[in-house]
Amino acid sequence: MRTFKILTLLALLVVVSAFGVNAVKITETSGYTIGDEASDFYLRNVDGEMVSLKDFKSAKGFILIFTCNTCPFSIANEDRIIALDKKYKSKGYPVIAINPNNPISKPGDSYKSMQLRAQEKGFTFPYLFDDGQKVYPKYGATKTPHVYILEKNNTGNPIVKYIGAIDDNSRNEDLVEEKFVENAVNALLEGKDIKVTETKAIGCSIKA
């Protein structure tokens with residue numbers, strides 16, 4: 001009887017482990033990976049206008065950032081996001097920010113709050129509301145902020161070239177040693193390969 005119980009327990013552990021591995025694999029492969037085509041979207045900007053990627057005719061690509069009003073990590077990166085847009089928009093890589101949070105779960109991330117925050121900070125880029133939370137799951141974003149650098153091509157939708165964090169210190173800009181997004185965009189502008197194409201996004205979980 002004791003042997004039977006031990007064997008039963010081992011069998012259960014094997015089953016649980018198997019499901020655990022599958023769950024990890026699903027999580028890791030959900031959303032876009034490097035080299036994938038990113039589908040367009042049609043989302044409302046804080047100025048009331050609807051925005052899509054195809055509106056940016058002269059862009060070479062995009063610095064697409066999932067962010068929000070309330071996450072401390074997003075707040076700590078707001079000035080950095082503004083700086084990225086000012087530096088790269090004229091070079092063909094504008095910032096497009098998307099708020100993926102459900103305002104029912106996080107009232108501070110409502111559309112009205114987005115408008116107020118954009119005005120307070122003087123956002124120079126579109127700040128779009130993912131109404132119904134249909135866009136961020138396609139990309140596979142899990143945090144705020146979470147960056148996707150896209151490069152336009154001549155045959156279809158833009159290609160994902162980088163996924164991850166803005167830099168290597170989400171909390172303190174003064175302690176940043178490696179600027180992942182700047183390095184990636186600079187490489188694209190120079191026609192070179194991006195050395196670091198994926199990093200871990202550090203931030204708050206997206207609120208469903």
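F123 and F125 are both buried. Their rings have centres 4.7 Å apart and planes at 25°, so the pair is stacked. The model is a predicted one. In its protein chain there are 5 helices and 9 strands, and 44% of the 208 residues count as buried.

**Overall architecture**

- Read from the N terminus, the elements of the protein chain follow the order α-β-β-β-α-β-α-β-α-β-β-β-α-β.
- Among contacts in the protein chain with a separation of 6 or more, 74% are between residues 24 or more positions apart.

**Aromatic pairs**

- Searching the whole structure gives 8 aromatic pairs.
- One of these joins F56 and F62, whose ring centres are 5.7 Å apart; their planes stand at 80°, so this pair is edge-to-face.
- Both F56 and F62 are buried.
- The F123 and F125 planes, at 25°, fall under the 30 degrees that counts as stacked.
- One aromatic cluster is formed by Y32, F66, Y139 and Y148.

**The cavity**

- The whole structure holds 1 cavity of 30 Å³ or more.
- The volume of the largest cavity is about 50 Å³.
- Its lining consists of T67, C68, N69, E78, I81, A97, R117, F123, F125 and Y127, so the stacked pair F123 and F125 belongs to this lining.
- By class, the lining of the largest cavity has 6 nonpolar, 2 polar and 2 charged residues.

**Helix α5 and the residue after it**

- In α5, 7 of the 10 residues are buried, so the helix is largely enclosed by the rest of the structure.
- Those buried residues are F180, V181, E182, A184, V185, A187 and L188.
- G191 follows α5 and has a positive phi, near 70°.

**The second largest pocket**

- The second largest pocket contains about 180 Å³ of space.
- Residues lining this pocket are E178, N183, A184, N186, A187, E190, K192, D193, I194, K195 and V196.
- The lining of the second largest pocket comprises 4 nonpolar, 2 polar and 5 charged residues.

- D167 sits in the loop that runs between β8 (159–164) and α5 (180–189).
- Its relative accessible area is 6%, so D167 is buried, the limit being under 20%.
- The side chains of D167 and R80 are joined by a polar contact of 2.9 Å.
- The D167 side chain also reaches the backbone nitrogen of N169, at 3.1 Å.
- With neighbours within four places in sequence left aside, D167 contacts R80, V176, E178, K179 and F180.

**T144, in strand β6**

- T144 lies in strand β6, residues 143–144.
- T144 has 0% relative accessibility and therefore counts as buried.
- Not counting residues up to four places away in sequence, T144 touches F66, T67, C68, C71, F73, S74, P100, I202, G203, C204 and I206.
- Among the residues touched by T144, T67 and C68 also line the largest cavity, while F66 belongs to the aromatic cluster.

- K106 is located in the loop between β4 (95–99) and α3 (111–121).
- K106 has 31% relative accessibility, so it counts as partly exposed.
- In sequence K106 and T70 are 36 residues apart, and their C-alpha atoms are 8.2 Å apart in space.
- Residues up to four places away in sequence aside, K106 touches T70 and K207.

Note on methods: Residues are numbered from 1 along each chain as its sequence is written. Side-chain values use heavy atoms; hydrogens and water are left out. On a 1 Å grid over the protein atoms alone, a cavity is a set of points where a 1.4 Å probe fits but cannot get out, and a pocket is an open set with protein on both sides within 12 Å along at least five of seven lines; lining residues have an atom within 4 Å of a point. Grid points are joined across faces, edges and corners, and a volume is the space filled by probe spheres set on the points. Ala, Val, Leu, Ile, Met, Phe, Trp, Tyr, Cys and Pro count as nonpolar, Asp, Glu, Lys and Arg as charged, and the others, Gly among them, as polar. Helices (H or I, at least four residues) and strands (E, at least two) are DSSP runs, numbered from the N terminus. Buried means under 20% relative accessible area, exposed over 50%, partly exposed in between (1.4 Å probe, protein chains only). A polar contact is a pair of N or O atoms within 3.5 Å; within protein, one must be able to donate a hydrogen and the other to accept it, and residues adjacent in sequence count only if both atoms are side-chain atoms. Contact means heavy atoms within 4.5 Å. Rings of Phe, Tyr and Trp (its six-membered ring) pair if their centres lie within 6.5 Å; planes under 30 degrees apart count as stacked, over 60 as edge-to-face and the rest as tilted.
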